[in-house]
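Hi,

Here is the structure I promised to pass on.

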Amino acid sequence: MRLGSVIGRVTLSQTIPQLKGARWLVVSPHNREHFQSGAEPLNTITEEPSLVVYDNLGGGVGDTIGFVEGREAASPFDPPIPIDAINAALVDETFYTPKEDA
Amino acid sequence: MQLARVEGSMIATRKHPSLNGWRMLICQPLDAEGKAEGTPIIAIDPYGAGMHQKVIVSSDGLTARKFVGDDLSPVRQIIIAIVDETTEEQAA
């Protein structure tokens, strides 16, 4: 699971049947500099490539979410639907104390 | 599987129900010399790894789903071992 800031939403007009009525978030993934301690969502656009994430937890723009990529993203669906990124957690708070390398 | 170092934890009340009750730790992948490299990832932790401890993180969802006990869970990274020490053999 990686963390990222929700920077937008996507509405699909033409889609394959399995993806009808789904909710999609545009997420900007965090990298090492963006990890911090606190409950305040970072709400920033990073230089990592953004991606579209399937969401059924109700993530809004500005939230920090934990999303899972790969085949595991399609695990909650039986039969699996063709997605490879899903919102698995709405982050309330992170505690981050990096250890500086010698 | 990745060698990583625990550098924090995360709290999320609103999440996939299969993750309820699981500790979610921020793990920083390490390179061969043990220096931080790449983006921290969130892994669930069944063994109670402490802060700044070296762990091995598996990104195989099947293992994680078996641990979580829910075949419909989107969980992926899981800590499968806490490292005591790493020794480096010089290539002959």
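Below is what I found, starting with the contact between the chains.

A word on conventions: this is a predicted model, so local features need pLDDT of at least 70 and side-chain atom pairs count only at pLDDT 80 or more, while totals for chains, interfaces and linings use all residues. Residues are numbered from 1 along each chain as its sequence is written, chains are lettered from A and ligands numbered from 1 in the order in which they are written, and side-chain values use heavy atoms, with hydrogens and water left out.

**Between the chains**

Chain B puts 36 residues into the contact and chain A puts in 31 (contact means heavy atoms within 4.5 Å). About 2,700 Å² is buried between them, with carbon and sulfur atoms giving 56%; that is the accessible area (1.4 Å probe) the two parts lose on being put together, summed over both.

There are 2 salt bridges between chain B and chain A, a salt bridge being a side-chain nitrogen of Lys or Arg within 4 Å of a carboxyl oxygen of Asp or Glu. On the side of chain B that touches chain A, strands E1 (2-11), E2 (14-15), E3 (23-29) and E4, plus helix H1, each supply at least two residues. E1(B) gives the largest share, 6 residues. (Helices, H or I of at least four residues, and strands, E of at least two, are DSSP runs numbered from the N terminus.)

**The salt bridges**

Glu7(B) pairs with Arg32(A), closest N and O atoms 3.8 Å apart. Glu7(B) sits in strand E1 of chain B and Arg32(A) in the loop between strands E2 (24-29) and E3 (51-54) of chain A, so the pair joins two chains. Glu7(B) is buried at 0% relative accessibility, whereas Arg32(A) is partly exposed at 25% (buried is under 20% relative accessible area, exposed over 50%, partly exposed in between; 1.4 Å probe, protein chains only). Glu7(B) also bridges to Arg5(B) at 3.0 Å between the closest N and O atoms, and Arg5(B) is buried at 4%.

**Helix H1 of chain B**

In H1(B) (residues 61-68), Gly61(B), Ala64(B), Arg65(B) and Val68(B) are buried. Down the helix axis they fall within an arc of 100°, so they line one face (the arc is that of the directions from the axis to the C-beta atoms). These buried residues pack against strands E4 (41-45) and E6 (78-82) of chain B.

Cheers
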